[in-house]
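Subject: Handover of a structural model

Dear colleague,

Please find the model below, followed by a summary of what was found in it.

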Amino acid sequence: MTAAARRVARVVLLDPDDRILLLHGHEPGDLADDWWFTPGGGLEGDETHEEAARRELAEETGVTDIELGPVLWKRTCSFPFDGRRWDQDEWYFLARTERTATGPQSLTELESRSVAGLRWWTSAELLTTRETVYPTRLAELLRTLLDEGPPRVPLVLAAEIA
């Protein structure tokens with residue numbers, strides 16, 4: 001991973017029933033090349049990770065009434081998307097909301113071409129799905145989070161390179 005990795009804030013958003021909200025993405029122009037992922041995106045300007053997490057969550061889901069918790073996990077990843085390679089340094093924040101009605105509010109042009117929707121997932125659904133989910137260990141990470149609570153310090157996840 002290069003030093004110029006894109007800095008990203010992601011949100012592990014849980015509802016009152018401990019379901020996690022994931023977005024359904026796909027390669028622009030290829031609906032069959034799809035995956036599920038947590039809301040979030042790149043930091044803009046001198047924005048902090050916390051500010052970016054709140055902004056991205058509002059833009060992608062419409063959810064603004066959250067209690068933003070600690071950073072749970074950090075990971076680096078590299079993947080091809082929309083004709084280029086993305087190198088990212090991601091921070092995953094815990095957040096809780098009472099609101100389960102969601103919908104995109106302000107997607108970028110690229111997001112509009114590559115986000116097919118969103119849904120709430122239970123831990124059991126994540127553990128048994130055959131669909132692609134990022135980060136790839138999300139099912140076990142969520143189960144541990146629900147069983148043990150947030151880690152004292154953020155877990156550094158293995159780098160994922162696709």
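What is the volume of the largest pocket? The largest pocket has a volume of about 770 Å³. A pocket here is an open set of points on a 1 Å grid over the protein atoms alone, where a 1.4 Å probe fits, with protein on both sides within 12 Å along at least five of seven lines. The volume is the space filled by probe spheres set on the points, which are joined across faces, edges and corners.

This is a predicted model, in which local features need pLDDT of at least 70 and side-chain atom pairs count only at pLDDT 80 or more, whereas totals for chains, interfaces and linings use all residues. Residues are numbered from 1 along each chain as its sequence is written, and side-chain values use heavy atoms, without hydrogens and water.

The largest pocket is lined by 37 residues (those with an atom within 4 Å of a point), and Arg-10, Trp-35, Phe-79, Phe-81 and Gln-88 are the closest to its centre. Strand S5 (residues 67-81) gives the largest share of this lining, six residues; strands are DSSP runs of E, at least two residues, numbered from the N terminus.

S5 pairs with strand S6 (residues 84-96) in the antiparallel sense over 12 bridges, pairing being defined as at least two DSSP bridges between two strands. Glu-67 has Arg-96 in S6 as its bridge partner. Two residues separate S5 and S6 in a hairpin, and Asp-82 in the turn has a positive phi of about 55°.

S5 also pairs in the parallel sense with strand S9 (residues 155-156), over two bridges; there, Lys-74 is partnered by Val-156.

Yours sincerely

Notes. Helices (H or I, at least four residues) and strands (E, at least two) are DSSP runs, numbered from the N terminus.
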